[in-house]
Amino acid sequence: MSERTDTRNVPASSRVSALLAALRISRRDAWRAKGRSALIVAMVGLPVLVITALLTALATVDINPREGLTATLGTADALVRDQGRQPVRDQDYAARGFSSGGGEDARPWTTREITSVLPPGSRAQQLHSRYEPYRLARWWPIVEIMETDLRDPLTRGMLQLVRGRPPAAPDEVAVSPPLVGQGAKIGGTISLTREGTVKKVVGVVERAPWASAEFVVAFPGGLADQRYQRTWLVDTPDPVTWSGVRKLNALGLAVASRAVIENPGSAPDDVWAGTEGADSGFWPALIAMITLMVILEVVLLAGPAFAVGLRRRRTELGLVAAQGGSARHLRMIVLMDGVVLGALSAVLGAALGIPLARVLPAMVDRGPGGGWPFEVPWAQVAAVAVLGAASAVVAAAVPASQAARMSVSAVLGGRAEAPRPRRGWPVAGAVLAVAGVGLTVAGAWLGILAIVGGALITQLGFVALVPRLVGLLGRLSGRLPLPLRLASRGAVRHGGRTAPAVAAVMAGVAVAVALAIPLNSASIQEKINYQPRQTAGAFEVEGTSLTPEEWQPVRELLRRELPGVPLVELRGNRLGSSGTFMRLVAGNCGAPCVITARDFPVGDERVLRYVLGREDPAAEAALRAGKMVVLDPRGITGGQARVETTTYRGRASPGRRPRCPRWRPSRPSAGRCGPSYRPASPRSSV
């Protein structure tokens, strides 16, 4: 435009009128160009919808102690958990985290003893639980078994009877709906525990959807066992305060108090903040980086659509300018396109994302009292909607700037304008690209934030370089075939819409590559680290805490079902009494590192052949001589191997064994560390 109107002294009312007029023009144009408008709304609104649904679903399924109070305590004043009479330390206000140990008295608490340490007039209802197998055809799936009296009002809201009646005798149980689908029916029986205890099914119960789905509720005393996690629902005359919680902690009881959970401020600040999780600043920074990348993608994707709209409206804008419209007015009209479509996209995205999030938890909702407590993080949803609308306005900024600089005579004369190159953009783009690549590489040492930030800066740099790259394509088009030559020249001629389109495609490819490389790298790393636990063609039957008498039926079953198949029996890394573990530690891998943390096979030469997948006479001779065979060269340092044993008795009390000479004989008894032998073939390493 050759003439510009001075708007510095224009009254505020005139500016408002111009703004409203631009808004009306944009609204009418959006209605006329329905296809382009729908495309922009979809590109801007879809990210808003997805992010809104994810934020709402995460807020819904993130159950804080107050939201899960009824599911945890029912109508009780507190939940008391037996920690073996060992003092409980560092308990948070909701008893979700604590430490215990150090005491010698490990006798389990009884219900009478629990009542005796509570205020006078209190009563306790046991809620013991453990995980045990139950019989299903030929299989023994694991199920949670709880012992409590469902008739007690303290369990109301935590467990809800949906069919049948509550168990009223030691030989009766109630099951959850998934077990009904697996064959447990009211009036039938179910076989529980490895001992095959048969119970009659008298009811079906449900619980909160965030708790385990497969469970059985037995009448107190029906499956009495010391392996239970012993807990009690308690009813007290007065609320259990934080001082009362600390007194019970000193006796070896972890306590979740309704009064403390409903009013966390009554507990010290350190235990309150510890459970809520003080934000270290990492996640907000990472989310901010990802949000900026999403906004950039939206801008680059929606920008070409606004550029196409500007191309279609050039004559209309030229007429506005010919009738006295200033560059500011033209810029405002195009920007209002972004405001109108951005606001519509944000509203639709948020309005559809919230009900979508409502449907997702409802698909797994099986709990009493409404199941998941639906929660909408309104502040976060509003921020996402504002960012979505703002991204549309930013996407319209470049076309708006082009509209403000267009020539009225060229537009009304039907002549195409040659794009005006920005000389500083290529230099800035090159600097940003180099800096972004450097920061991304440095992210290997600086962390994920540096990688994300470097990727964002690199992408911005290449976006700034796109116009120069498009121009370079035009210079090289003379050597291309005719169709490609015509296409490249058209792209250069209409650089205002070519550059955003190229940048959008480039950004999409960059995001896809950025996601594919880590996934592929992780897959390759898993393949490199893969170590087979079994010999090809073999399978493993594993059990824990089984006595030799309990293993005998397993041996007989395997011999009967698999005639002629050799059985190789081996012990794992558990030695001696329960709670003692053994591991091989390497000292020549930069820093002390564990080679074998789980599978430390113990057995005769048959076990060695099974592990190696072949015969090794030298290794078998060393094993028969009472020596330890090391299957990983890293386990030998200076002709010695080191084995550590750790015994857990309440608190972890690790005890280290000294280094073992490589060939010194020793008895292969529990806790002994025999000499090591390195197999001749590297193929034997695991």
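Mentor: At 7% relative accessibility, Thr236 counts as buried, where buried means under 20% relative accessible area, exposed over 50% and partly exposed in between, with a 1.4 Å probe and protein chains only. The model is predicted, so local features need pLDDT of at least 70 and side-chain atom pairs pLDDT 80 or more, while totals for chains, interfaces and linings use all residues. Residues are numbered from 1 along each chain as its sequence is written, and side-chain values use heavy atoms, leaving out hydrogens and water.

Thr236 sits in the loop between strand E12 (231–235) and helix H6 (242–250); helices (H or I, at least four residues) and strands (E, at least two) are DSSP runs, numbered from the N terminus.

Strand E12 belongs to an open sheet of four strands, in the order E4-E12-E1-E13, with antiparallel pairing. Two strands pair if DSSP finds at least two bridges between them. Strands E4 (123–126) and E13 (253–257) stand at the edges; each has a single partner strand, so one side of each is left without a neighbour in the sheet. From one strand to the next, the twist averages 25°, taken between axes that are lines fitted to C-alpha atoms, for helices over the stretch in contact, with angles from 0 to 180 degrees between N-to-C directions.

Strand E1 (residues 78–82) pairs with E13 in the antiparallel sense over five bridges. Within this pairing, Val80 stands opposite Val255 in E13. Strands of a sheet pair through backbone hydrogen bonds, either parallel or antiparallel.
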